[in-house]
Amino acid sequence: MGSQQNPQAQPGQGSVSTGLAQPAILDSQQRPITAGGFVPTGPIVFKDITKQSGLATWSHHMGTPQKDLIVESIGSGVALLDYDHDGWLDIYLVSGSTADAESGKATPPHAALFHNNHDGTFTDVAAKAGVANDRWGFGVVVGDYDNDGWPDIYVTNNGANRLYRNNHDGTFTDVAEKAGVTVGGWTTGATWGDYDGDGNLDLYVPGYVKMSELAKLYAANSTPPSCQFRGVKVMCGPRGLPGEADHLFRNNGDGTFTDQTQHAGVTDTGHYYGLASLFVDVNNDGKPDLLVANDSTPNYLYMNKGDGTFTDASFESGYAVNESGRETASMGIAAGDLTHNGRIDLYNTTFSDDYNPLYRNEGDGNFNDIAQQAGIAEPTIPFLGWGTGFFDYDNDGWLDLFIANGHVYPQADAQHWGTTWAQRPLLFHNTQGKLSLVPPVEGTGLAVVVPSRGMASGDLFNDGHIDVVLNNMDSAPTLLRDVAPGSNHWVAFRLVGATATQPGKPASPRDAIGATVWVTANGFRQRMDVTAGGSFASSSDQRLHFGLGAATTIDKLEVRWPSGHSETLTPPTKLDRFYTLSEGKGVAE
């Protein structure tokens, strides 16, 4: 992200790593394709229900409309979680702030916690719950760090971060300082995962730009420094600005954490600009590896060695750069098994004038960017992508791909770049491993034009369809309800791990982050993993949702728990409903 000079100019302060300037793509009405290209008829996948749901009562705020500073332009994330254990997903939306609020001259914008009312509406209870944040917020990730069975919320900020511990009564307490995870500085898309296998969730927090150094630069100028993008003055960054450090915090199991960044070998020696991260097992050895999407610098892939340390396999794996060997301005991460080969594929969103890479997992943690040969690179080039995720919107048993988009330069609307500040989302349908773009039908959810950043997906209405929430810059969020037609079946699982009973014994986190489930039905074997983080600075539904197509039975159900314990369970006979999988205890409704 960030500002960028003319791509053909010499690299320097304010540049972004992206492709060369591309010709504008306009639709039949001469609108940039990022805010046009609509079709009158076609399959209707999503319906925009933001207003009737109540989410339009809240708005995101970050800096000034002019976006003179990079810290004003990044935007914030969103999380889906059942914070009160009523069986329905609630929505947490992070807000930024303003200079006046930071200096005490104005009331700070607050984050929102929308309680699910079970009737299609939501009510903001952030103040009552004690999770308003009231800081310059960026990311959010959900995980049960204290293994008490209730989801906790970690919020990253420019400044001290929050760790909201769930009090089990609809309220939270910020324990970040006591836990030792405030960090400070500018941090972004964090991730939870049990990297050392002790049954306690650890925390990885990427840093973006070192604002303390940037403030000195701004203080030395009477006006904010500016850089150029295609000959137009824009805000500077991230290239040429000092990068903020990343942090890995090991959970001590007593409510506190210890910084193990250096010991574990994940020190971010390049001081890259981290925007998203994700713990997920990419080489099928049962241990969570660590992905970091870096802006305008190479991505990180740290392979878990199983002894509390990692090996930096970023370049060796092929994940550091795209097919042409060029680093990208990576914003978001999607991870999932696209072709039913049992391996986790990866997708990164990037800046406009560049395509989004699709990294096919070739086995043993080796990746090959196949976006061009798969035919899905070109449609993404005019768009500036952020939040992203794989999920099966039509329950046919194949993971589809969703991308949230929005530019960082308000100046885009006054230029002839073929791109816009507010942009429509993209959806690729997976047909037996081949991805194809779903057309945006007028008046439907794929035709909304909004300046999106964070994106989370999950079944908000417990109807077997995966919905999407977008956190949009300086405006109301967007709630897209999945209304895809069809009679395909589905099944979803909430996992409960067996926590530690004796120190030193293998155990799983209570919320089973790091578990892998395989469902065999319809003649193929699907894989899904319980994760926390990814997308852009967001956290999606941790229940695992499997589309089953026309299948009426599940042939096989397998689980590999974070503890290393593997089970083959008796599959449920009734479909189209939720089940709980408890480690060592089987399947229950």
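The lining of the second largest pocket divides into 9 nonpolar, 10 polar and 8 charged residues. That is one spot in a predicted model. Start there, then work through the rest of the chain.

The second largest pocket has a volume of about 310 Å³. Its lining counts 27 residues. Asp194, Gly286, Lys287, Pro288 and Pro562 lie nearest the centre of this pocket. Two elements give two or more residues to the lining: β11 (191-193) and β17 (273-280). Keep β17 in mind. This strand will come up again.

Now turn to the largest pocket. It holds about 610 Å³ of space. Its lining is made up of 27 residues. Look for Asp82, His85, Pro151, Arg494 and Arg543, which lie nearest the centre. By class, the lining of the largest pocket has 12 nonpolar, 6 polar and 9 charged residues.

Next come the cavities. Rolling a probe the size of a water molecule over the atoms shows where empty space is left. How many cavities of 30 Å³ or more does a search of the whole structure find? The search finds 2.

The largest cavity has a volume of about 520 Å³. It is lined by 34 residues. Closest to its centre are Ala335, Phe390, Met528, Thr531 and Ser540. Here β17 returns, as one of the strands that supply at least two residues of this lining. The others are β21 (332-336), β25 (385-391), β29 (452-458), β34 (524-529) and β35 (544-549). The lining of the largest cavity divides into 14 nonpolar, 13 polar and 7 charged residues.

The second largest cavity holds about 40 Å³ of space. Which residues line the second largest cavity? They are Asp337, His340, Gly397, Trp398, Leu399, Gln526, Arg527 and Met528. By class, that makes 3 nonpolar, 3 polar and 2 charged residues.

Step back to the whole chain. It has 7 helices and 39 strands. The radius of gyration is 22 Å, close to the 25 Å that the globule rule gives for 589 residues, so the chain is as compact as a globular protein of that length. Along the principal axes, the C-alpha atoms fill a box of roughly 65 × 55 × 50 Å. Of the 589 residues, 62% count as buried. The accessible surface comes to about 20200 Å². Carbon and sulfur atoms account for 49% of that surface.

The contacts tell of the fold too. Take those between residues at least 6 apart in sequence. Of these contacts, 62% join residues at least 24 apart.

Finally, zoom in on one residue. Leu248 lies in strand β15 (residues 247-251). Is Leu248 buried or exposed? Its relative accessible area is 0%, so Leu248 is buried. Leave out residues up to four places away in sequence, and Leu248 still touches Tyr195, Leu203, Tyr204, Thr258, Asp259, Gln260, Thr261, Ala264, Val266, Phe279 and Phe310.

How values were computed
Residues numbered from 1 in each chain as written. Predicted model: local features only at pLDDT ≥ 70, side-chain atom pairs only at ≥ 80, totals over all residues. Heavy atoms only, no water. 1 Å grid on protein atoms, 1.4 Å probe; cavity = no way out; pocket = protein on both sides within 12 Å on 5 of 7 lines; lining within 4 Å. Points joined across faces, edges and corners; volume = space filled by probe spheres on them. Nonpolar A, V, L, I, M, F, W, Y, C, P; charged D, E, K, R; others polar. Helix = DSSP H or I, 4+ residues; strand = E, 2+ residues; numbered from the N terminus. Rg over C-alpha atoms; globule rule 2.2 N^0.38 Å. Buried < 20%, exposed > 50% of the residue type's maximum accessible area, 1.4 Å probe, protein only. Contact = heavy atoms within 4.5 Å. Areas by Shrake-Rupley, 256 points an atom, 1.4 Å probe, with all protein chains shown as cover.
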